[in-house]
Amino acid sequence: MKFAVGADHAGVELKNQLGEVLRARGIEFVDFGADGSGSVDYPDKAAQVARALAAGEADRGLLVCGTGVGMAMSANRFAGVRAVNPTDSFTARMSRAHNDANVLALGARVLGAGQATELLEVFLDTPFDGDRHTARVAKIDSGADPATAGSP
């Protein structure tokens, strides 16, 4: 598994801490920055990570900004990206198990390092359940109106 990682200025410290978690697990990753406290536009970092996934250069992504919300919204504009912004372990687990989320977007201003680490570990350890969820994920990826796309 290979990750693409990115953060804006608010998420640099937490991104670096979570990078150590990935490194300790032997997970390869490419870090798109940011690397300092200078202002960085989060949509730019989300786009870099999303493009890496779309190009097959990464299997999953990790994004960190102040809340994680802007990163998730920006990343989800890209085909094949299913970014989630959980604040609890249950949501992180279900986003993987039922939605096959492939990008974890976290908020450095709303989560402590311990909680963020827990969410990352749940995200890493939870497989996609497949089965009845596969058709639903296909609907997400198609961009079709679910009301006209049929039922699984």
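This is a predicted model: local features need pLDDT of at least 70, side-chain atom pairs count only at pLDDT 80 or more; totals for chains, interfaces and linings use all residues.
**Entry: overall build**

I went through the secondary structure and found six helices and five strands. Read from the N terminus, the elements go β-α-β-α-β-α-β-α-β-α-α. I then checked the radius of gyration, which is 15 Å; the globule rule gives 15 Å for 152 residues, so the protein is as compact as a globular protein of that length. Along the principal axes, the C-alpha atoms fill a box of roughly 45 × 25 × 25 Å. I also looked up burial, and 45% of the 152 residues count as buried. For contacts with a separation of 6 or more, I found that 67% are between residues 24 or more positions apart.

**Entry: the sheet**

In what order do the five strands of the open sheet lie? I read the order as β2-β1-β3-β5-β4, and the pairing is parallel. The edges are β2 (28-31) and β4 (83-84), each of which pairs on one side only. I followed β1 (residues 2-7) next, and four bridges join it to β2 in the parallel sense. One pair I noted there is Val5 with its bridge partner Asp31 in β2. Helix α5 (residues 113-125) packs on this sheet and touches β1, β3 (60-65), β4 and β5 (103-107). I looked up its angle too: the direction of α5 makes about 170° with that of β5.

**Entry: Lys45**

Is Lys45 buried or exposed? I was glad to have checked this lysine, which sits in helix α2 (residues 42-54). Lys45 has a relative accessible area of 14%, and because buried means under 20%, it counts as buried.

Which residues does Lys45 touch, once neighbours within four places in sequence are set aside? I listed Ala7, Phe32, Gly33, Ala34, Val40, Leu63 and Met71. With Phe32, I looked at the atoms themselves: a polar atom of the Lys45 side chain lies 2.7 Å from the backbone oxygen of Phe32. The Lys45 side chain also makes a polar contact with the side chain of Gln48, at 3.2 Å.

My last look-up here was a distance. Lys45 and Leu62 stand 17 residues apart in sequence, and their C-alpha atoms are 10 Å apart in space.

Terms used. Residues are numbered from 1 along each chain as its sequence is written. Side-chain values use heavy atoms; hydrogens and water are left out. Helices (H or I, at least four residues) and strands (E, at least two) are DSSP runs, numbered from the N terminus. Buried means under 20% relative accessible area, exposed over 50%, partly exposed in between (1.4 Å probe, protein chains only). Contact means heavy atoms within 4.5 Å. A polar contact is a pair of N or O atoms within 3.5 Å; within protein, one must be able to donate a hydrogen and the other to accept it, and residues adjacent in sequence count only if both atoms are side-chain atoms. Two strands pair if DSSP finds at least two bridges between them. Axes are lines fitted to C-alpha atoms, for helices over the stretch in contact, and angles run from 0 to 180 degrees between N-to-C directions. The radius of gyration is taken over C-alpha atoms; the globule rule is 2.2 Å times the number of residues to the power 0.38.
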